[in-house]
Every structure is written in structure tokens, then in C-alpha cells.
Amino acid sequence: MSSHPDIEVESLKGKRSLILGLTWPALAESILASLVSMIDMIMVGALGAFAIGAVGLVTQPRFVMLAAFMAMNVGSTAMVARFKGARDKESADMALNQALIMATGISVILCISLFFGGNGLIRFLAGSNISEEMILGANEYLRIQVYGFPALALTFTINAALRGSGNTRAAFYNNAVGNVVKVIMNYCLISGNFGFPALGLAGASIATCIAQCVTLAMALSKVLSGKEYIRLDIRKMLNVNFSMIRRIWRIGFPALVEQVFMRVGMMLFTIIVTSLGDHSYAAHMIAMNLQQLSFMTGMSFGAAATTLVGQSLGRVRVDLAKTYVKMTHNLCLIISILVSLLLFFGGELIASLYTTDRALSLLASNMIKIIALVNVFSNARFIYNSALRGAGDSRFVALITFVGILILRPLVSIVLVYSLFPFQLGLAGIWIALSADGVVCFFLARARFARGKWAEIKV
């Protein structure tokens with residue numbers, strides 16, 4: 001399969017091959033990332049339950065920092081895909097260069113903000129029921145993470161543009177090498193192997209930063225080589241093109257609002273979870289870590305949907321966009337069912353790898369069963385959300401994110417976890433709320449796509 005396949009394939013077999021050709025690198029990347037995340041958490045878990053929770057507390061501030069780039073990447077992916085479909089290489093290059101200008105400036109501002117304000121944010125999320133040991137560990141982990149964040153942000157931006165051009169393999173190869181480096185450096189720096197010092201949580205954070213720098217170096221080599229459809233030109237980066245930035249931002253801003261809703265909702269959600277104490281929060285983080293395994297199918301096929309919808313609209317082929325989304329959903333459904341079976345019947349075994357605490361692994365495995373039951377809907381949500389973003393309809397995706405994360409999820413959690421509900425389901429109530437959010441958002445996104453207004457959006 002070519003790195004730059006043409007979307008106007010006549011046969012169903014050809015279309016299926018094109019979808020799978022775009023999806024498998026993203027899926028392989030997600031599988032590898034999930035496995036590395038699991039290994040990372042298992043290595044950190046050897047330090048104790050406090051360490052698992054400490055890394056978990058850093059997750060939300062870290063995603064707050066990434067929110068702006070996730071939003072901007074929606075714009076750059078959609079623009080590059082649209083230009084690729086219209087065979088306008090010069091504009092595609094311009095979109096990449098201007099996106100990197102934005103990423104550089106925003107990353108510096110966010111890093112400074114979190115460096116000085118991270119401690120307060122961690123303590124806010126932890127509340128009063130989390131131990132001081134876990135809070136101090138989270139602060140130590142976060143302060144180191146800040147230094148590697150610009151590299152991560154720039155890598156995200158380059159990979160998003162490459163996906164828009166139809167090359168999903170580059171991101172896979174870049175992240176594959178980075179993840180291998182991360183595991184090796186974890187082994188060296190957490191427990192002190194091969195002559196390295198034993199730095200514990202700090203070592204895990206340093207290992208992540210090193211891996212992020214390696215991944216950025218590989219991503220830059222791709223877009224500087226001249227072999228990709230899009231190319232980074234340092235001279236063009238020095239010339240700000242406000243027209244292109246506005247076009248990227250027009251699509252990216254609703255996605256930014258979506259990310260803000262998501263992160264605020266997740267922080268409120270984290271406060272509810274931490275109110276259950278260290279043990280429940282550690283189990284929650286194990287389940288969240290494994291949830292990535294259930295989401296990777298939808299996210300990977302979603303990446304293909306974004307590219308194919310954007311390029312189809314660039315060719316003024318709405319019919320082709322609809323066909324690709326339908327086929328992508330059907331292919332995703334098959335894999336989603338298999339993943340659900342794996343999680344439902346193997347969740348307890350997988351959870352036991354994180355900790356020797358039997359009660360902790362059993363609690364986590366029960367949450368994993370809830371994930372498995374709604375996995376088909378959760379993954380399908382990613383397909384339709386990604387298709388809408390590829391068409392530039394990111395405002396609607398932001399709206400349903402608001403409804404799901406800031407309204408539905410907290411309300412259901414409060415009802416099921418606290419005294420308003422006679423049975424007080426505890427952590428199970430948290431995960432039922434998470435699942436309800438995913439199912440409702442799927443039906444809303446599918447209905448929006450079926451109405452077809454996304455095909456009329458100008459970017």
C-alpha cells in the first residue's frame with residue numbers, strides 16, 4: 001500500500017484495503033502504546049499503590065496541557081486532508097508550517113503555567129482523602145514532565161498533519177521507537193539497572209521525557225526529508241500566515257472547547273473518584289489504563305475516517321465520504337467485539353499484573369467488565385466523531401462532549417456513588433457513569449452524521 005493512496009477506488013475490496021491500509025498503522029501504534037502504558041504502570045506499580053495513584057493524578061493536568069494541541073491537530077489534519085484531496089500541495093505544506101508555529105508558542109506558555117501552578121492543581125484534584133505520599137509523588141512526576149512537553153506537542157502536530165496526508169505509518173514508526181526507548185529507560189531509571197541510579201517515580205518521568213525527544217527527532221526527519229507529501233520549511237515557519245492560522249483555528253477552536261469541557265469534566269470526575277480513597281483510586285487508574293485497550297480500535301479507525309472524509313470532500317465526493325464511514329464502522333465493529341470478549345473474560349488476569357494486592361486487582365477487573373459491555377458503542381462513537389471532525393463539524397462534537405462529560409457523567413456518578421442512591425455503588429457507579437456517557441454520545445454523533453449537514457461546511 002502506498003503511503004499516499006488515492007481515495008477514488010471503485011471496488012469494495014479496494015475501498016476496504018484502503019481503509020485497512022490507513023487503519024493498521026494507527027491500530028498497531030495504539031496497541032503498542034497501550035502495551036507500553038501497561039508495562040509502564042506495572043513498573044511504577046512495583047513502587048507501591050501510591051505510585052500508581054501519583055501517575056494517575058498527573059494524567060489530568062497533562063491532558064489539560066495537551067488539550068490545545070489536540071484541538072489544533074483536528075484543524076491541521078482536516079486542512080491537510082482537504083488540500084490533499086484537492087491536490088494542493090503548497091497549501092498542505094503551509095498548513096503544516098503554520099500549525100507548528102502555533103504549537104511552539106502555545107507549548108512554551110503552557111509549560112511555564114503548569115511549572116508554577118502544577119502543585120496547586122494536583123492538590124485540588126487530590127482533595128482530602130488522598131495521602132500526602134501520593135500527592136508528593138505526583139508533584140515530583142509532573143515537574144519533570146513539563147520539560148518534555150514541548151517535544152510531545154510538536155510531535156503530535158507533525159503526526160496529525162501526516163495522517164491528514166494519508167500517511168498513518170509514519171506516526172506508528174515514530175512512536176514505536178519512542179515507546180521502546182521509554183521501556184528501556186524505565187528499566188534503567190526506576191529501579192537502577194545497568195549502572196543507572198534508582199530514581200523511582202522521578203526515573204519513570206525522566207524516561208518518558210527522553211522517549212518524547214527521540215520521537216520528535218524521528219518525526220522531524222520525516223517532514224524535513226522531502227519524501228513525504230507535506231514538507232517542513234524552516235523559512236516558511238518564520239513567516240506567519242494569519243489567513244492559514246485562522247482557517248486551522250476555525251476548525252480547531254470548537255475542538256479546543258470540546259477538550260476544555262472534557263478536561264474540566266475529567267477533573268471533576270477525578271475529585272469524585274479520589275473521594276473514595278487511595279485503594280479505589282488505584283483500582284480506577286488500573287481500569288483507566290486498560291480502557292485504552294478498548295478504545296484503541298475506535299480511535300484507530302477514527303483516524304482513517306478523518307482522513308478519508310476530508311479527502312473525499314476535497315474531491316467534492318460526499319457519496320464517497322458516506323461510503324467510507326459506513327465501511328469503517330463495520331470493520332471496527334468486528335474487532336470491537338473481539339476486544340470486548342478479551343476484556344470481559346481476561347480482565348482479572350490482566351489486572352493482576354499491576355499489583356500483588358488481590359483485592360485491588362479484583363476491584364479493577366470488575367470495572368473492566370463494565371468497559372467490555374459497552375465497548376462496541378464506545379468505539380463507534382470515535383468513528384462518527386472523527387468523521388464529523390474530518391468534515392469540519394467539530395462544533396457539534398464539542399457540544400455532545402459537553403453534554404456527556406460535564407452534565408451526564410457527573411450527575412450519574414453523584415447519584416450512584418453518594419447517598420442519593422440507596423445502594424451507593426462506589427467505584428462501580430463511577431464506571432457506569434463513564435459507560436452511559438459513551439453510549440449516549442454515540443447515538444447523538446450517529447444521528448448528526450445521518451442528517452448530512454456536515455457535507456455543507458466550508459473550511
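Entry 1: I looked up Phe442 and found a relative accessibility of 4%, which counts as buried (buried is under 20% relative accessible area, exposed over 50%, partly exposed in between, with a 1.4 Å probe and protein chains only). I note that this is a predicted model, in which local features need pLDDT of at least 70, side-chain atom pairs count only at pLDDT 80 or more, and totals for chains, interfaces and linings use all residues. Residues are numbered from 1 along each chain as its sequence is written, and side-chain values use heavy atoms, with hydrogens and water left out.

I then took the ring pair of Phe442 with Phe377: the centres are 5.8 Å apart and the planes are at 55°, so I list the pair as tilted. For rings of Phe, Tyr and Trp (its six-membered ring), a pair needs centres within 6.5 Å; planes under 30 degrees apart are stacked, over 60 edge-to-face, and the rest tilted. Phe377 is in helix α12 and Phe442 in helix α14 (residues 427-451), so the pair ties together parts 65 residues apart in sequence. Helices here are DSSP runs of H or I with at least four residues, numbered from the N terminus. Phe377 is partly exposed, at 31% relative accessible area.

**Entry 2: other rings.** I get a count of 13 aromatic pairs by this rule. One of them joins Phe172 and Tyr173, tilted, at 5.2 Å centre to centre with 50° between the planes. Phe172 is buried at 15% relative accessible area, and Tyr173 is partly exposed at 37%. Ring pairs also link Phe377, Tyr384, Phe442, Phe443, Phe449 and Trp454 into a cluster.

I checked charges over rings (NZ of Lys or CZ of Arg within 6 Å of the ring centre and within 35 degrees of the ring normal). Arg143 lies over the face of Phe115, 4.2 Å from the ring centre. The charged end of Arg381 sits over the ring of Phe295, at 5.6 Å from its centre.

**Entry 3: α12 against α13.** I found the axes of α12 (residues 375-390) and α13 (residues 394-417) coming within 7 Å and crossing at roughly 145°. Axes are lines fitted to C-alpha atoms over the stretch in contact, with angles from 0 to 180 degrees between N-to-C directions. Asn385, Leu388 and Arg389 of α12 meet Ser394, Phe396, Val397 and Ile400 of α13, where contact means heavy atoms within 4.5 Å.

**Entry 4: α11.** I list among the buried residues of α11 Leu360, Met367 and Ile371. Their cover includes α9 (278-314), α10 (318-351), α12 and α14.

Technical notes. Helices (H or I, at least four residues) and strands (E, at least two) are DSSP runs, numbered from the N terminus.
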